[in-house]
Amino acid sequence: MKTIQKAVRPEIVIFTSYPPRECGIATYSQDLIVALQNKFKKTFRIKICALELSTKKHIFSKEVAYVLETDNPASYNEVALKIKQNPNIEIVVIQHEFGLFRNFESNLLACITQINKPLLVVFHTVLPKPNEAIKHLVKNINNIAQGIIVMTQTSSEILKSDYGIDKNKIDVIPHGTHLVTHLNKAVLKEKYHLGDRKILATFGLISSGKGIETTINALRLIVKRYPTVLFLIIGKTHPSVVKEEGEQYRETLKAKIIALHLQENVLFVNEYLPLNTLLDYLQLTDIYLFTSKDRNQAVSGTFSYALSCGCPIISTPIPHAVEVLQQETGIIVDFENHKQLAIKIIQLLEHEELCATISTNAIHKMAPTAWENTAIAHAFVFEKITKNRLYFKYKIPKINLNHLQRLTTDYGMIQFCNINQPDIASGYTLDDNARALVAICQHYRCFKNKSDVTYITLYFNFIKNSWIDKGSFLNYLDEGKNFTNQNNQTNLSDSNGRAIWALGYLISNSDTLPKGLIIQAKAVLQLALSNVMDIHSPRAMAFIIKGIYYSNQREEKPSYTELTKHLADKLVQMYKHESKGKWQWYESYLTYGNSILPEAMLCAYLTLGTKAYKEIACTSFDFLLSEIFSENSIKVISNKGWLHKDADRKKEIIGGEQPIDVAYTILALSKFYNTFKNEDYKQKMEIAFHWFLGKNHLNQIVYNPCTGGCYDGLEEFNINLNQGAESTVSYLMARMTMEENRKKRRLNNLKTQKSSRIKSLKVTPQKQIEFIRAYNTQ
C-alpha cells in the first residue's frame, strides 16, 4: 500500500440502517464500522447515512452525518447533493437489501448517479433466477458501482450467471464474527440460572420466516428421551412484523408450546440483547438451531455468530449453510422437517465427542471471518476502487496480559493451549519461562506495575529451579513439575542460552526491583556462565552475549566481558567461513531465530567497541533483511524448509511462519535503530509488527486482541488457532518493544520542545530552573 498521506483524512460514507433501528443490517454495519475504526488508525473518517422511514424517526449517534428517508423522493436528492459537494468524501458504500428501498429503487439509482463518487455496493441478498424488474435494477446498480461485495461464493456465482456481472468486479467477504474467549459452559449456565440442563437455542429478530415452530414440533419427540432439555428463543419480534401484524407469530408459538405441554422446555428471552450477553448465551448453548424457511436467504449473521462461538449447529440448507457446514462443521436438515431435526438433535445430545469435533471445526472454519479480518478485507476493496488513493495504517492494540496470566500457574508458564484453553498436560519449558521473564520485565520497565513483580519472581524461580548440579539448565518438565526424558534427547544449549539472556535482562532492571531478587539472579547467572566456554551452537552463543550485555549495564565484570569476546570471536570465525559473494551469513542456511545472531554481534560491539563486530553485525543483518522483507511486508523463513545458500529463490515456500521469528526480528531492528538511528530500521520494525495485525499473505490477524493470546503460526491456507506460550510471549516481547520505542520518541520530542522553549525565554537562570521544574511535572 502506498505511503502518501493527505493532510485531511478522507471520508467514507456508508448508506445503511443503523442503531437504534433494530434490524440485522444495522447490527452488521455497526460491527463493521467498529472493526474498521479499531483496525486502522488515522486512515479515514467513517460517516453514516442512516436509512429510516419518514413515519418512523430515530435519535442517532454523532457518527450519523446524513439521514435518508427511504420513502421520501426529495430526501434522496437532498442527501445526494450534500455528499456530492463534500470534496473529502472518497468512497460511498451502500448496504443493500431490497426491502430497505422497496418502491423507491429508481430514486436510489438517481441518488447514486448524482453523487458521482466511487461506489461500493454490498448485496446482503442475491436472488437467483430473478424476474426482469429485479435483474434490471441490479444491473443498473452494477453499471454505476466500481465494486460489489457479497458474503458467499454462491451469491457471487449467481451474480455472474444470472445477472451477467463481471467476476473481476465482485469480492466475496464473509459476514463478520466476534472473537470470543470461549468461556466454560457450566460456569455460564450457572450465571444465567440454567443449571446443568442441555440447552438448544436460536436467536435473532423473530418472524414467521425463522421456522421456530419446526423446533417446537421436534421438541415433542426430544423430551421423551431428554425431559430436561431447554430451548431458548432469544430475541424480540422484528419491528416490521410488529408494525404489520403485532405479536401474532409469537402468540402462535406460545399456543403450540402449551398444546404440546412443553412449557418447562421452552424459554423466551424477549430482548434485543447487548452483545456480551448474547455471546454468553451462545457460548453456553449445547446445540444451535437455524431453521429458516426462506430458500433465498443468502447469509445469516445469527448463523455466523453461533458458529464462531463454537456452537454445534443444525441448519436448514440456505446457501450460506450449505457452503460452510462441510467436513463435520455442522449438520444440514431439510426445510420444515421436524422429525429429521429431532433425530439429528438426539444424535448430537448422545455423542459428546461428535459435538466437540463439530465445535472445534466450526471455530477453525470461522476464524478468517473475525470482524478484524473482515475490516482488512474491506480495506483492500477500498484501496482497489479508489486506485490506491488511501493509505492504511494499522492501529496497534492495547497491551493485554490476560492470556499470559491464564497460562501461568503458581509454578510457571504452561507450554501449550487448545485454542485459548491452557493444556496443563503439555507441561512446562525453561524456554517459555525465560522468554516470559524478559517480556514481563519489559512491561514492568514501561509501566512500573507492582503486580508484575509477582510474575517476575515466579518466572525467575522457575529458571533457578531448572538448574541442576551437573552445571546446566534442563528444559522440559511435566505437569507434576518433574524433569522429563525429553531433556536427554534434545540439545539443551539454546535453552541454556535463553535462560542466561533472561537473567541478564532481569539484572538490567535492578534499580527498580527487590534487592534480594537481583542478588539471587546474579548468583544464578554466575553459575550459568561458568560452563559455557565450549558451547558451539551459534544461537546459544548469541543469547549468552545478549545476557551479558544487559547484565553489564548495571555492573560490568571483566570476566563476563572476556567471555563476550570469546563467543563473539567464534561467531566471527563462523561468519568468515560461510560468507561468500551475496551470502553474508554465519551458516550455510537460514533457519529459525536468525535475527539474534546479528543482534548479538551488535551487543558485542556495544560492549567492546570492536569495529569488526559492528561491520559484521550490520552486513549480516542487512543481508537477512533483504531475504525476509519486500517493499511493505515481512515473510520470515519458513519452518517447512530452511533457506540454503545455493537454494533456488524462485521456489518460494508459503506458510510455516512463526511469531517468534517475527518478534526476534523486531527486537533486533529496535536495537539497530536505537544504535544507528537509521530510519529504514524503524520503518521495517513497524512493517514487521503489522504482520501480527494482518499484513501477511493471508491478510488475517495472528494476534487475538480479545484473549490477549497470539496464534501459533501462519500456514499456507490457514492460521494455527492454538495460542501457546511461545507465540503469546513472542507477541508480547514485540509489543513491548514497540511501546518502549514509542515512549523514547515521546520523551525525545518533549526534550526537544523543552530545549527550544528554554532558549526562546529571555529570563534569568533562576526563572529557567523554575520553568524546567514545572515542565518536568507535566
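1. M413 comes out at 0% relative accessibility, so M413 counts as buried (buried is under 20% relative accessible area, exposed over 50%, partly exposed in between, with a 1.4 Å probe and protein chains only). The residue sits in the loop between α16 (402-407) and β14 (414-418); helices (H or I, at least four residues) and strands (E, at least two) are DSSP runs, numbered from the N terminus. This is a predicted model, where local features need pLDDT of at least 70 and side-chain atom pairs count only at pLDDT 80 or more, while totals for chains, interfaces and linings use all residues. Residues are numbered from 1 along each chain as its sequence is written, and side-chain values use heavy atoms, with hydrogens and water left out.

2. What does M413 touch, not counting residues up to four places away in sequence? The list includes L404, L407, Y428, T429, Y459, A725 and V729, with contact meaning heavy atoms within 4.5 Å. M413 and T429 are 16 residues apart in sequence, and their C-alpha atoms are 7.7 Å apart in space.

3. The structure holds 33 aromatic pairs (rings of Phe, Tyr and Trp, the last by its six-membered ring, pair if their centres lie within 6.5 Å; planes under 30 degrees apart count as stacked, over 60 as edge-to-face and the rest as tilted). For Y428 and F462 the ring centres are 6.0 Å apart and the planes are at 45 degrees, so this pair is tilted. Y428 belongs to strand β15 (residues 421-429) and F462 to helix α18 (residues 451-465), so the pair ties together parts 34 residues apart in sequence. Both Y428 and F462 are buried.

4. Another tilted case is F621 with Y681: the centres are 5.8 Å apart and the planes at 40 degrees, so the pair gets that label. Distant parts of the chain are linked here, with F621 in helix α25 (residues 611-628) and Y681 in helix α27 (residues 679-693), 60 residues apart. F621 and Y681 are buried.

5. Still on rings, F40, F44, F382, F392 and Y394 are joined by ring pairs into a cluster. Two charges are worth a look as well: K448 lies over the face of Y444, at 5.9 Å from the ring centre, and R539 lies over the face of Y592, at 4.9 Å from the ring centre. The test is NZ of Lys or CZ of Arg within 6 Å of the ring centre and within 35 degrees of the ring normal.

6. Have a look at helix α11 (residues 301-308), where eight of its eight residues are buried. Among them are F303, Y305 and S308. G310 follows α11 and has a positive phi, near 80 degrees.

7. Y305 and S308 come up again around H178, which touches both, along with D31, L275, L279 and W371, residues up to four places away in sequence not counted. H178 is in the loop between β7 (170-172) and α6 (185-191) and, at 14% relative accessibility, counts as buried. Its side chain makes a polar contact with that of Y305 at 3.4 Å, and the H178 side chain makes another with the side chain of W371 at 3.5 Å. A polar contact is a pair of N or O atoms within 3.5 Å; within protein, one must be able to donate a hydrogen and the other to accept it, and residues adjacent in sequence count only if both atoms are side-chain atoms.
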